[in-house]
Amino acid sequence: MNTVAVIGAGYVGLTTATCLAHLGHTVTCADINETRVDELNNGQVPIHESRLPELLQDGLFQQTLKFVVGARQAVTNSEFVFLCLPTPQGDDGRADISAISQVIEEIREIIPAGSIIVNKSTTPVGTNAAIQSLIQRDDVAVVSNPEFLREGVAVTDFLQPDRIVIGATDPEAAQKVTSLYNGIDAPIITVDPASAETIKYATNSFLATKVSFVNALAAVCEAVGADIESVTRGLGSDQRIGSRFLQPGPGWGGSCFPKDMQALVRMADDAGYQFDLLRAVIEANEQQFVRIVSKAEQLTDDKLAGATITLLGLTFKAHTDDLRNSPAIEVANLLSAKGARLIAYDPMVDSEAALPEGIELAQNMEQALADSDIAVILTEWPEFARANWGALRDSMNAPRVLDARNALDRHAMLDLGFQYDDLGRT
Ligand code: UGA
């Protein structure tokens, strides 16, 4: 068992620290936010992440996990230092790695000889090598170990991953990082650092492309009279394609896909390759927001101005409270620009403070739908599918639903007398 420092207690760092403690390592996790550190030491999890509260409590109780303020506090006795730091999109589309450079500068002189820096943050190709030269230490190795953690199910993704990717130039360091994951049953892909860094961008970009493809396919289904669910059943059962990530929606979003797609386009550009395919996918995703608005226009006979629109769901997907780069917000902004009044309900959003101006927040579906001219389902929360739409219909000004997540039973909604539209279903 090893002594590990994790720098950053965001959702990647917190999940990494907690899961490594769960695997038996002694983990010190550092963050610059003092309040967050205090809360975590008291067992309070600041994000909505399944299984994390239980594992955190467990680690604190076993004394294998603790939280400190600042990277320097965490690294003094560590054999491994995991970097789990934000790499936001810079003004030019490139990933901004200044948080990483800053931490390396802080810990450079005090990190123990023989320790290994493990970069889990999503960083441009070449960052591993850049860290190695910033640290200016021959006795410290740097290994790339990208994360593949979906928000909401990050603990499961950490403990039961499809694969673990290790990018290293030094085979001994690669072996040591691999051994941290003993107890996890998954293929280990050991590659050079540049390939590991590329695997991360390739994975997110491919998944985003898959979603944009299925959104376009849903439009084709509408045009030719095919049914997207039947089509994806047939398409996804080809094992070369796979059935996951084929659910049409209002577009992809979140804190990762949009910035990683831009970063890969920029990275390719900088290296002399025009990644036009990816540019088209980004453009298609923006068109998807517009397409949802056109569908709302059609359903209301072009009367969005002055209409009361109910937005059901605001988070970028279900089972998270994260609003960052949410397609629901993108669609809301476009609807607002049409002059509509917006009233929203999301089971995980309880404050208007985090929302763009002009969105009123309701406390439940009933309140949100009262006197509504059209409801637009933007996040696939299960309670929207379970709701008694027969009863809700009567409180609406007009019984119209645009289901941008294909969450409801189309035939049941039509039988209830709704004007109903969705994505590519017949
Ligand atoms: C994504 C990746 O799935 C993780 O593997 C990765 O580690 C993470 O980014 C990251 O880089 O940190 P996450 O941002 O939690 O995870 O979101 P996803 O679950 O992948 O969903 C992304 C978007 O695609 C959401 O807006 C979602 O609603 C949409 N989506 C996904 C669809 O519209 N249809 C689908 O079939 C799947």
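Q: Which residue in β10 is the bridge partner of T310?
A: That's I343. Keep in mind that this is a predicted model.
Q: And how many bridges join β9 to β10?
A: Five, between residues 308–312 of β9 and residues 341–345 of β10, with the two strands running parallel.
Q: What's the strand order in the sheet they belong to?
A: The order is β11-β10-β9-β12-β13-β14, an open sheet of six strands with parallel pairing.
Q: How many degrees does the twist average from one strand to the next?
A: 20 degrees, on average.
Q: Which strands does helix α12 touch?
A: Helix α12, residues 276–299, packs on the sheet and touches β12 (374–377), β13 (400–403) and β14. Its direction makes about 160 degrees with that of β13.
Q: Switching topic: how many residues are in the largest nonpolar core?
A: It has 44, and F67, F82 and F158 have the most contacts inside it.
Q: Which helix gives the most to this core?
A: Helix α1 (residues 11–22), with seven residues.
Q: What is F67 in contact with, leaving aside neighbours within four places in sequence?
A: L14, C29, V37, L40, N41, L56 and L60.
Q: What about the second core, which residues does it include?
A: That separate core has 34 residues, among them V214, I228, I292 and V376.

Key
Residues numbered from 1 in each chain as written. Predicted model: local features only at pLDDT ≥ 70, side-chain atom pairs only at ≥ 80, totals over all residues. Heavy atoms only, no water. Pairing = 2+ DSSP bridges. Helix = DSSP H or I, 4+ residues; strand = E, 2+ residues; numbered from the N terminus. Axes fitted to C-alpha atoms, helices over the stretch in contact; angles between N-to-C directions. Contact = heavy atoms within 4.5 Å. Core = buried A, V, L, I, M, F, W, Y, C linked by side-chain atoms within 4.5 Å. Buried < 20%, exposed > 50% of the residue type's maximum accessible area, 1.4 Å probe, protein only.
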